[in-house]
Amino acid sequence: MTEAPDPEVAQAAIEYCYAQGWSDGLPLVPASPPLVEAFLATTTRSPDEVIGELEQVGRNCTVYLAAINAAMAGCRPEYFPVVLAAFDALMRERAARGGGWQSTSGPAPMIVVNGPVRHELGFNTAGGAFGPGFRPNATVARAIGLIVRNAFGIRPHVLEQATQGLPGRWSICLAENEEESPWPPFAADGGQPAGASAVSATLLRTCEFVDNRHTGDPEQVLWDIADTISRTGSLIFRDTSAGVVFCPEHAQLLAAAGYAKPDVQAWLMEHCGRTGADLRRAGKNGLRGPARFADPDESADGTFTRILPSPTHVPLVVAGARNAAISMVVRIFGEWSGTAIPLGVTP
Amino acid sequence: MPYPILDPTGTTGSTAAQRPAPPRARRPASLRGATVGLLVNTKQNAAPFLDEVGRLLEERYGAAGVLARTKVNFAAPAPEDLVKEMTAGCDVLVTGIGDCGSCSASAVADGITFEAAGLPAAAICSDAFTVTADAMAELRGAPGYRYATTPHPVAILTADQVRERAARVLDDVVALLTA
């Protein structure tokens, strides 16, 4: 560009978008027909195709509306297939098709990108995996938030009833650090062949770090992670789901000690949980259907209750830099669908 | 001629307010001899709350009996066969408790659906969720739709407190259900 654009025109367009109620609080890129056409040109899908529907509010999202929102989020047109795949992946989640976006929990999508597309589009695959700082990671996640707000019409304080929400709700898009992971890519756990460009997604209630650079013993690392997963604050149902976004160092330590992903999942399923006394102390020992409640009954005080029922409830991803042994426990809202969405053919 | 800035909502020219208002069911003069439908949304304390409302309607207002059903997916609209069954088998309906982001809106949406099917309905929501309940009513073409409220929170109430709450909301429920 030889000449800088007129800032006052840009400011007026940004303010126009605010005035329409379209913004998540940050400035939007005003979407013009040629820009949105460039997005639509990256997919063979029809602009009219409905890619998600919320029956209870009578709203849906088409490829066309997704393109407008992705453009407004600051995506480049070539990111659009990733946005579509991320949205398709989210629509596999029962919570995202139901009342999840309206929930008092205010859950955040966690998007995981695998395969060559990570580098083709310039996703951050290394340090600072949870952001910020990288346009593809930041804007793909933001596009989902704008779709929920604008296409589904779920706005804060109205149909969206998050009590506190969570930090970075529309900003979690990890590109897996496949190069430094000792394990198959996450998309393989979602049924895609190794080497495929694919996107997975689920909903989170929060993230919590486990800083363990104190030991070379894999079991000690796993015990430290299990302690974080097992805290009572997050337990509201009989079962829970908590994934781990391993840093490369922890993943490599575990792999060197012979742990494949299923071994880590089995270990965590076996060791994560609380005694009946712990649960009773927190008012969460009783069960009415799948829901916990405070029960004065002390008879199960000595029983250890496991909380992770299956490997799908313990998704494992590898992301971040190899510069410190810091991993993240990610608390899943509902249950991961267990499927990764391959990227569509881009003409 | 500059380009337009595109609308990301897809609602231009088709706002909910332009939808025809759904009909409201005809109210009976009293609940004497009425069968009261209780649609329980599985939220904590919803079942004992509605059970007590049903019991009090029998005891104090002469209702003949109750037909209790559970809506498993509290965020979604009541399934069509459930709407048919309760409309055929009941004279009035009480639904709730709207005590979360999605289920409060959903309780109101169900109330409006039952009204349109000909069954007078009273939805009960926690008073922390009136904004989302009102927004849903507007979406369904029924702005200003009336429902009963009970103070938040409901989930942590003891059995005795639930009964007391049911008694407190009873007059509002009766007023919503009768002419």
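Predicted model: local features only at pLDDT ≥ 70, side-chain atom pairs only at ≥ 80, totals over all residues.
**View 1. Five strands of chain B form an open sheet.**
The strand order is E2-E1-E3-E4-E5, and the pairing is parallel. Strand E2 (65–70) and strand E5 (148–150) of chain B lie at the edges, each pairing on one side only. On average, neighbouring strands are turned by 20° against each other, direction ignored. Helix H1 (residues 46–61) of chain B packs on this sheet. H1 touches E1, E2, strand E3 (92–98), strand E4 (121–126) and E5 of chain B. The direction of H1 makes about 150° with that of E3(B).

**View 2. Strand E1 (residues 35–40) of chain B pairs with E2(B).**
Six bridges join the two strands, which run parallel. One facing pair is Thr35(B) and Gly65(B), the latter in E2(B). Strands of a sheet pair through backbone hydrogen bonds, either parallel or antiparallel.

**View 3. The largest nonpolar core has 64 residues.**
Which members touch the most others? They are Cys61(A), Phe80(A), Trp101(A) and Ile111(A). Beyond its neighbours within four places in sequence, Trp101(A) is in contact with a list of residues that includes Leu54(A), Leu90(A), Met91(A), Pro109(A), Phe152(A), Trp170(A) and Leu203(A). Glu160(A) and Arg169(A) are also among the contacts of Trp101(A). A second, separate core holds 28 residues, including Leu56(B), Ile124(B), Val162(B) and Leu170(B). In soluble globular proteins, nonpolar side chains tend to be buried together.

**View 4. Glu160(A) and Arg169(A) meet in a salt bridge.**
Their side chains come to 2.9 Å, N to O. Are these two residues buried or exposed? Glu160(A) is buried, with a relative accessible area of 11%. Arg169(A) is buried too, at 10%.

**View 5. Other salt bridges join side chains of chain A.**
Asp211(A) and Arg213(A) meet at 2.9 Å, N to O. Asp211(A) is partly exposed, at 26% relative accessibility. Arg281(A) and Asp278(A) meet at 3.7 Å, N to O. These two are about one helical turn apart, because they are three residues apart in helix H12 (residues 276–281) of chain A. Arg281(A) counts as exposed, at 67% relative accessibility. Arg45(A), Glu49(A) and Asp88(A) form one network, joined by salt bridges that share partners. Over all chains, the count comes to 24 salt bridges.

**View 6. Chain B meets chain A.**
Here 24 residues of chain B are in contact with 34 residues of chain A. The area buried between the chains is about 2300 Å², and carbon and sulfur atoms give 65% of that area. In chain B, Ile5(B), Leu6(B) and Pro8(B) lose the most area to chain A. Together these three give 30% of what that side buries. How many salt bridges cross this interface? The rule finds zero.

**View 7. Helix H3 (residues 63–73) of chain A is mostly covered.**
Ten of its eleven residues are buried. Among them are Val63(A), Leu65(A), Ile68(A), Asn69(A) and Met72(A). What covers the buried residues of H3(A)? The cover includes helix H2 (33–40), helix H4 (80–90) and helix H7 (135–151) of chain A. Strand E1 (50–54) and strand E2 (59–62) of chain A also take part. Gly74(A) follows H3(A), and its phi is positive, near 100°.

**View 8. Thr125(A) sits in a loop between helix H6 (117–120) and H7 of chain A.**
Thr125(A) counts as buried, at 13% relative accessibility. Leaving out residues up to four places away in sequence, Thr125(A) touches Arg118(A), His119(A), Ala175(A), Glu176(A), Asn177(A) and Gly320(A). Val113(A) is twelve residues from Thr125(A) in sequence, and the two are 9.2 Å apart in space, C-alpha to C-alpha.

**View 9. Strand E6 (residues 242–246) of chain A is covered on both faces.**
Five of its five residues are buried. Ala242(A), Val244(A) and Phe246(A) lie on one side, with Gly243(A) and Val245(A) on the other. Four bridges join E6(A) to strand E12 (residues 326–332) of chain A, and these strands run antiparallel. In that pairing, Val244(A) stands opposite Val329(A). Three bridges join E6(A) to strand E11 (residues 316–318) of chain A, and these strands run parallel. There, Phe246(A) stands opposite Val318(A).

Definitions and conventions:
Residues numbered from 1 in each chain as written. Chains lettered and ligands numbered in written order. Heavy atoms only, no water. Pairing = 2+ DSSP bridges. Axes fitted to C-alpha atoms, helices over the stretch in contact; angles between N-to-C directions. Contact = heavy atoms within 4.5 Å. Core = buried A, V, L, I, M, F, W, Y, C linked by side-chain atoms within 4.5 Å. Buried < 20%, exposed > 50% of the residue type's maximum accessible area, 1.4 Å probe, protein only. Buried area = accessible area lost by both parts, 1.4 Å probe. Salt bridge = Lys/Arg side-chain N within 4 Å of Asp/Glu carboxyl O.
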